[in-house]
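How do the helices of this chain pack, and what lies in its nonpolar cores? Here is a short walk through both topics.

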Amino acid sequence: MKFKPIEIKAIELAKKKLKDVVLETELQYNARYSDALKSSIWFKREDLQKVRSFKIRGAYNKISSLNNEDKTKGVVCSSAGNHAQGVALSCNKLQIDGVIYMPTITPNQKIEQVKMFGGKYIEVRLEGDTYDDAFLAAKKYCELENKCFIHPFDDLKVIEGQATLALETICQSKNKIDYIFVPIGGGGLISGIISVFKQLSPETKIIGIEPFGAPSMKTSLEKNKIVTLSKIDPFVDGAAVKKIGEISFSYCKQFLDDIILVPEGKICQTILDMYNKDAIVVEPAGAIAIAALDYYKDEIKNKNVVCLVCGSNNDITRMSEIKEKALLFGNLKHYFVIKLPQRAGALKEFLTEILGPNDDITHFEYTKKNYREKGHAVVGLEIKHEKDLAPLIDRMKENGFYDEYLNNKESLGQILV
């Protein structure tokens, strides 16, 4: 089924409805990325919204449009975190009761924020391991209780609200926008961007971005039908869904100029760079559009480019995992099983003869078994330069320490990392 872009008049009405609820967030020039890519790179800072993501736009527009009967019954939603906060704040402002289903793996920071924004008007229920699990539980509850479901992305009223972001962006940009990089989860945000840009700035190239571990839109476009993925990596929790929406599939099939998959490790490195070099805190989904710029560096040279920074609800307790994934992606963190002779001085030999001056042991697990000539240890090593890996492995092999490389052993890696 084909969907036409939402009329600009409807989006302008949504903008008026939202004017006392959402901030007109800054379109911010980033000199560091602009210099590195020889382009003009601008960040649309939706991470600066009160709920620290764009989701309040769609949630409030939808809930405020309900009739009195549906408002009285109360609303239900499912969310990996950001839509939940938008629904929670909307319920609080409109004094409507809401039940919010979230995956059990949702960062605690997002859960607490939802409770804070919703106050006495919302109840949080944790269900399943992914957004899709929470979605099914929420839909079942809606049917049983006859309540209105506030879809996070596959709803025209929600998309109208998200599209107000695009109106702002076009008005704020002093020059023609050549490219806009947009995160894709279920597809509500990119549907709003497409609706506005294809009518008001049709020459702008719209580039959709998905995490490598959850390519639901890319797979669906390649198959020419909506595909439900059997398995996804939920790490980029704000953009990892097994199944996209019908509306966004239609829009992307008709109007999307390209789609890029970005590895989770690359996203993590971008999070660290933005924090350390730009003093900007973003969640994985908020960094994904910026992480994709490197893959388009030739095309965007000397162009005017906008990246949507869609959210900053990042739990600080995840930073060690983020650093680990970034190091693994950069080939700077490596895990091995080594053979360690069970004699005095063997470990000292490994430290002094095998490791380079800049190599650092970050993990070491060993149990001595006296009846064996050699024991095995699991060792994690952080190196300073990618080129240091091959000589390190050569030294381990030449001196009889090398047994097995674990970075490409997915099941073992998940235990260690």
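An angle between two helices is taken between their N-to-C directions and runs from 0 to 180 degrees, with each axis a line fitted to C-alpha atoms. The model is predicted.

Start with helix α1, residues 8-18. It packs against helix α8, residues 156-172, at an angle of about 95°. Their axes are 8 Å apart. Angles of 65 to 115 degrees count as roughly perpendicular, so α1 and α8 are roughly perpendicular to each other. From α1, the contact takes in Ile8, Ala10, Ile11, Glu12, Ala14, Lys15 and Leu18. From α8 come Glu160, Gly161, Ala163, Thr164, Leu167 and Glu168. By class, this contact has seven nonpolar, two polar and four charged residues.

Helix α1 also packs with helix α3, residues 55-64. Here the angle is about 95° and the axes lie 10 Å apart. Helices α1 and α3 are therefore roughly perpendicular to each other. Ala14, Lys17 and Leu18 of α1 meet Ile56, Arg57, Tyr60, Asn61 and Ser64 of α3. That contact has four nonpolar, two polar and two charged residues.

Now turn to the cores. In soluble globular proteins, nonpolar side chains tend to be buried together. The largest nonpolar core in this model has 68 residues. Phe43, Phe181, Ile193, Ile206, Leu293 and Ile300 have the most contacts inside it. Take Ile300. Leaving aside neighbours within four places in sequence, Ile300 is in contact with Leu37, Ser39, Ile41, Tyr179, Phe181, Leu293 and Val305.

Terms used: Residues are numbered from 1 along each chain as its sequence is written. This is a predicted model: local features need pLDDT of at least 70, side-chain atom pairs count only at pLDDT 80 or more; totals for chains, interfaces and linings use all residues. Side-chain values use heavy atoms; hydrogens and water are left out. Helices (H or I, at least four residues) and strands (E, at least two) are DSSP runs, numbered from the N terminus. Angles under 35 degrees count as roughly parallel, over 145 as roughly antiparallel, 65 to 115 as roughly perpendicular and the rest as oblique. Contact means heavy atoms within 4.5 Å. Ala, Val, Leu, Ile, Met, Phe, Trp, Tyr, Cys and Pro count as nonpolar, Asp, Glu, Lys and Arg as charged, and the others, Gly among them, as polar. A nonpolar core is a set of buried Ala, Val, Leu, Ile, Met, Phe, Trp, Tyr and Cys residues joined through side-chain atoms within 4.5 Å. Buried means under 20% relative accessible area, exposed over 50%, partly exposed in between (1.4 Å probe, protein chains only).
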